[in-house]
Amino acid sequence: MKKQHDLAPATGEFAYIDWLRRQTPASSRVLIGPGDDCAALRLNADVAALITTDMLMDGTCFCLAEAGPRAVGRKAMAVNLSDIAAMAGRPLAAVISVALPHRHGRALAEELYRGLRDVADAFDTAIVGGDTNSWDGLLVISVTLLGEATPRGPVRRSGAKPGDWLLVTGSLGGSSLGKHLTFTPRVQEALAIRDLVDVHAMIDISDGLAADVHHLCEESGCGAVLRAETIPITDAARTIADGRSPLDHALSDGEDFELVFALPPADAKRLLQAQPIPGITCVRIGECIETGLWLDETGQRRRLEPRGYVHTLS
């Protein structure tokens, strides 16, 4: 089947690519940018390259009619930056593919790009290429981000040990009221934490605190107990009147894009006392144990279901 590229009747895909190239600044990392068959980057041979990708779809990951294309573009870039943050890495460059609705596709594409650039520029991330297409469906956008680890190497999910403390970088819950579009990826915070202490394992909270702590524990071969009274809860989560408690929202809403990380108690105490990250308070929310996922609440310990967002496949 022939691919359709009619972003707008009078302009088309290649006019849009020309526009993109004029909007994209040069970068010392980029040897070849948009316009050729491949981009070429100057990578550091002494450290690991980090590669991540996320696809976002209208009606599932955002509502274009409510959010607008600029906010959608911002989110599409930010969720990938959050993955780089989760490994305490530095972002370098991104490639972006979009399936645009036929109607008003060119105007939509330009606003998407501005949103992508808003957050990419804030984290010194070059946009080096991608692909555009148009169809009769809703907007789909996929970002692939390349980064690099620090000389200390990437922080994985798999290094937590029983006895480690679990800390989180910010408040949780109620992200659907706006934070899922406006959050700041914790790239700089992760690098600062990595420089100060020995982080054993880390993950960004995209699916939900309970689900993502479960993911970290599965990879690490341990368990965890969370302390209900110390989990920081957003004001947004306290305003939702849906029969669920603010704590339940903090545990399972997802798309908070804060970091939860495991580290030795001595390092955790030092970090908690120093609180070295401007504007962010790190909080101890629990500790790693031998097995199981548990919640301590009002003096009672109960099993905690790893509830959170799950993409369903049939």
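Guide: Two strands pair if DSSP finds at least two bridges between them. Helices (H or I, at least four residues) and strands (E, at least two) are DSSP runs, numbered from the N terminus. This is a predicted model, in which local features need pLDDT of at least 70 and side-chain atom pairs count only at pLDDT 80 or more, while totals for chains, interfaces and linings use all residues. Residues are numbered from 1 along each chain as its sequence is written, and side-chain values use heavy atoms, with hydrogens and water left out.

Visitor: Which residue in E13 is the bridge partner of Trp294?

Guide: Strand E12 (residues 293-297) runs antiparallel to strand E13 (residues 300-303), and four bridges join them. The two strands form a hairpin with two residues between them, and Thr298 in the turn has a positive phi of about 50°. Within E13, Trp294 has as its bridge partner Arg303.

Visitor: Why does the pair of Phe183 and Phe257 count as stacked?

Guide: Rings of Phe, Tyr and Trp (its six-membered ring) pair if their centres lie within 6.5 Å; planes under 30 degrees apart count as stacked, over 60 as edge-to-face and the rest as tilted. The ring centres of Phe183 and Phe257 are 4.1 Å apart, and the pair is stacked because the planes are at 20°.

Visitor: Is Phe257 buried or exposed?

Guide: Buried means under 20% relative accessible area, exposed over 50%, and partly exposed in between (1.4 Å probe, protein chains only). Phe183 has 3% and is buried. Phe257 has a relative accessible area of 4%, so this residue is buried.

Visitor: How far from the sulfur of Cys282 is the closest cysteine sulfur?

Guide: A disulfide is a pair of cysteine sulfur atoms within 2.5 Å. A search of the whole structure finds zero disulfides; Cys222 is in none, with the nearest cysteine sulfur, that of Cys217, 4.2 Å away. For Cys282 the closest cysteine sulfur is in Cys288, too far for a bond at 16 Å.
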